[in-house]
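Subject: Handing over the structure

Hello,

I am passing this structure on to you, and I hope you enjoy looking through it. Please open it first and then read my notes alongside.

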Amino acid sequence: MSENILEVKNLRAYYNILKGQVKAVDDITFNLKKGEILGLAGESGCGKSTLASSFISRKKPLEYVSGEVDLVGHEIMKMDEAEFKKLRLKTISIIPQYALDAFSPTKKIRTFIKDLAHQHGIKTDRAFMEKVEERLDLVNLDKSVLNRYSIELSGGMKQRVVMVISTILDPDFIIADEITSALDVSSQRFVATMLANLRDLEIIKSAIFITHDLSILYQIADRIMIMYAGNFAEIAPTDEIVARPRHPYTRALINSLPKVGIQYHDKRLSGIEGTPPHLLNIGDGCRFRDRCPYAIEKCEETPIREKVADNHYVSCWRWQELGSDLNVEE
Ligand SMILES: Nc1ncnc2c1ncn2[C@@H]1O[C@H](COP(=O)(O)OP(=O)(O)OP(=O)(O)O)[C@@H](O)[C@H]1O
């Protein structure tokens, strides 16, 4: 697990709109190792999807501002849309939400798969369709789904069909963007486990699993990265971040969960008061400071990313003095 599939250094990607710049991805640094599932979490609007889309396309008004992104030897921030297209499905792929809902209800799943494959220049010959059938079997779907219409499938079944086609060329890196959000709890677990199985079988080499639900990440992620209002907050192995969060925002997220694999007894379950700041033309300083119970004057300055331990980094001026005691009352 030492070889890096993805290396992201000081990435900045902003939406340039009439009123100015929405600083949605602002100084993000992390890597993704071969064989790893990295969970990416944070409240709505914190930049998770923007970060993901900066790896797969160049679409205005999103603009790359600075930083470096190396994806298995490709410097992807320097690439244009045509070059991105060549990487899609084989090097990088995305499992989108609701992909099948946008598909015509009068066409069969077989047609959906063939249409999508053609869009990517893949021949849909017999060998290809046999591979599709094998993969359907891997995600516990009978090949008869090929002859059904999307409206005949449950949300979880649709998401598994989309997962099969997104991973059909064994991508190095897959982005799963909120693939479980619209599903009921048991389907969520099932779909997430299927993704982990594809990784275990080395069909996919690495994945970023985006969600605002930390409890689902606890089940499948090797490491978790937390973003807050476009900034990096914290990254650490899953057990470490859940047991010893260092950023006050991570701590608040963990504390607001009723249970995340571990029961924290006798602890007040607190939501996080307030809302994240608007990212349009936002200035310096820790973006969490208005909601942070520990904010001090120093937090008017943008915190730097510091190493807590191997594989554990945090951006908070006070991480050392605050420690990691989850039972601290806030
Ligand atoms: N096309 C756009 N033009 C301008 N601003 C945008 C655009 N798309 C997103 N944003 C802004 O960028 C910020 C980050 O949004 P993004 O969708 O990446 O967050 P997210 O964490 O994925 O949220 P969610 O969990 O709701 O999907 C938000 O402030 C959002 O309003």
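First, the ground rules. Residues are numbered from 1 along each chain as its sequence is written, and side-chain values use heavy atoms, with hydrogens and water left out. This is a predicted model, in which local features need pLDDT of at least 70, side-chain atom pairs count only at pLDDT 80 or more, and totals for chains, interfaces and linings use all residues.

**The sheets**

Helices (H or I, at least four residues) and strands (E, at least two) are DSSP runs, numbered from the N terminus. Two strands pair if DSSP finds at least two bridges between them.

Another open sheet is built from 4 strands, ordered β2-β1-β4-β5, with antiparallel pairing. Here β2 (20-33) and β5 (74-75) are the edge strands with a single partner each, so one side of each has no neighbour in the sheet. β5 pairs with β4 (residues 62-71) over 2 bridges, and E75 in β5 is the bridge partner of D70.

**Helices on the sheets**

Contact means heavy atoms within 4.5 Å. Axes are lines fitted to C-alpha atoms, for helices over the stretch in contact, and angles run from 0 to 180 degrees between N-to-C directions.

- α1 (residues 48-56) lies across β1 (4-17), β2 and β4, at about 110° to β1.

**A residue to look at**

L146 sits in the loop between α4 (126-138) and α5. At 0% relative accessibility, L146 counts as buried (under 20% relative accessible area, with a 1.4 Å probe and protein chains only). Not counting residues up to four places away in sequence, L146 touches K108, I109, R110, I113, M129, V132, E133 and L136.

**Pockets and cavities**

On a 1 Å grid over the protein atoms alone, a cavity is a set of points where a 1.4 Å probe fits but cannot get out, and a pocket is an open set with protein on both sides within 12 Å along at least five of seven lines; lining residues have an atom within 4 Å of a point. Grid points are joined across faces, edges and corners, and a volume is the space filled by probe spheres set on the points.

The largest pocket has a volume of about 480 Å³. It is lined by 20 residues, and R88, I94, P96, L116 and H120 are the closest to its centre. The second largest pocket holds about 380 Å³. Of its 24 lining residues, D26, D27, N231, T302 and P303 are the closest to its centre, and β2 gives the most to the lining, with 5 residues.

There are 3 cavities of 30 Å³ or more. The largest cavity has a volume of about 90 Å³, and among its 14 lining residues P248, C286, C292, C299 and C316 lie nearest its centre.

Happy exploring!

Terms used
Buried means under 20% relative accessible area, exposed over 50%, partly exposed in between (1.4 Å probe, protein chains only).
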